[in-house]
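Colleague: I'd like a close look at one part of this model. Could you walk me through the nonpolar residues, inside and out?

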Amino acid sequence: MGAGHDHAGHTSNRTRLGIALAITSTVLVAEVVGAALTGSLALLVDAAHMLTDAMGLAVALVAAHLMTRAASPRRTWGWARAEVVAAAAQAAVLLCVGCYAVVEALQRLVSPPEIAPHGLALVGALGLVANLVSLAVLAGGRGENLNMRAAFLEVANDALGSIAVLVAAAVIAWTGWSRADSVAGLVVAALILPRALVLLRNSTSILLESTPHGLDLAQVREHMLGQAHVLGVHDLHASTVATGLPVLTAHVVLDNECFSDGHSLAILEQLQQCLASHHAVSIEHCTLQLESAAIGQAHQDHLHH
C-alpha cells in the first residue's frame, strides 16, 4: 500500500515556503550590498547564512512539491523521502558556512578592519524585521515534517544573527571597538554549527534506516514473543521513510496448528494492533511474514551459511 498524502497541508506548506523564500532573497540582496558598503564580517557571514537559507527554502519548496506526488510501482512511497534529502543538503552547506565564519572571524580579531556602524545597524534591522515576518509565516507548518522544521529553524537562527549584527553595530557606534563585528560573526557561526550538526545527524539517521527515535526494538521483540502461539521473531527491522512514517518488517514463527485451524489470521491482526498502539512510536505500516517452525529454521539456516 502506498503512502498517504495530505494535499491541503502540502499546498499550505508550499505557500508558506514561497513567501519565506521571497522575503529571504530580498534580505540576502540587501545584506550583500550592506556588507560591501560597510566592510562588516557579521553582515557578510549573515548574508552567506541567508544565501544557504534561500537555497534551503528553495530546496524545501521543491521537496514539498515532490512530496505531493502519488506513489507508483517504481516509487512505492512516492517522494516522501525528498524532505529528508533536502534537510541533509541544507545541513552540509550550513556546516561549510559555519566553518568559514569561524576562520574569517579569528583572522579579523587579529587585524580588525574599519566598520561603518550606521549602515550595519540599518541592514541588521531590515534583516530582523524580515526574519520575524518569515517566522510568522512558517510557524503554522513547522511541526508537520522535517522539511518544514528545518526551514523554520533556519529563519529563526537568521533572526538571532540579525540581533547579533545590531548589537555589534551599537557597540562599534558607542565605543569604537571594531572587533565587535568579528565577535558577532563568531556568534552567528555558533548559531549555525550546532543546528547544522543536529539536522545532519537526524537526516543521516533516517537515510541510514536507523531504528526510529523512541522505539525500543528489543521491547518490540519481547512484546511480540509474549503473544500466544508466537514461538520466535527474526529478521526484525524498523526504519523511517519520512517524518511521521515509521515502518517495520519481521518474520514471526507460529505453532504449526495455527496454519491448519485458521488461527494465524487472528494472531496477525493482534500483532498489527499491538504495533500500532502499544509502543511509544505507533507503527501502522508493518509487514509481518508468518512462518511455521520448520520454515523459520530453514530461513535462518540459509542466512547463516
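Modeller: Let's start outside: Val-29 counts as exposed because its relative accessibility is 53%, and exposed means over 50% relative accessible area, with buried under 20% and partly exposed in between (1.4 Å probe, protein chains only). Keep in mind that this is a predicted model, where local features need pLDDT of at least 70, side-chain atom pairs count only at pLDDT 80 or more, and totals for chains, interfaces and linings use all residues. Residues are numbered from 1 along each chain as its sequence is written, and side-chain values use heavy atoms, leaving out hydrogens and water.

Val-29 sits in helix 1 (residues 7–38); helices here are DSSP runs (H or I, at least four residues), numbered from the N terminus. Together with Val-33 and Leu-37, Val-29 makes a nonpolar surface patch of about 310 Å². Such a patch joins nonpolar side chains within 5 Å, from residues with over 30% relative accessible area and no salt bridge (a Lys or Arg side-chain nitrogen within 4 Å of an Asp or Glu carboxyl oxygen).

Now inside. The largest nonpolar core has 23 residues, and Leu-43 and Leu-120 have the most contacts within it; a core is a set of buried Ala, Val, Leu, Ile, Met, Phe, Trp, Tyr and Cys residues joined through side-chain atoms within 4.5 Å. Helix 6 gives this core its largest share, six residues. Leu-120 touches residues including Leu-43, Ile-115, Val-165 and Asp-181, leaving aside those up to four places away in sequence, with contact meaning heavy atoms within 4.5 Å. There's also a second, separate core of 19 residues, Ala-250 and Cys-286 among them.

Key: Patch = residues over 30% accessible without salt bridge, like charges linked within 9 Å, V, L, I, M, F, W, Y side chains within 5 Å. Areas by Shrake-Rupley, 256 points an atom, 1.4 Å probe, with all protein chains shown as cover. Helix = DSSP H or I, 4+ residues; strand = E, 2+ residues; numbered from the N terminus.
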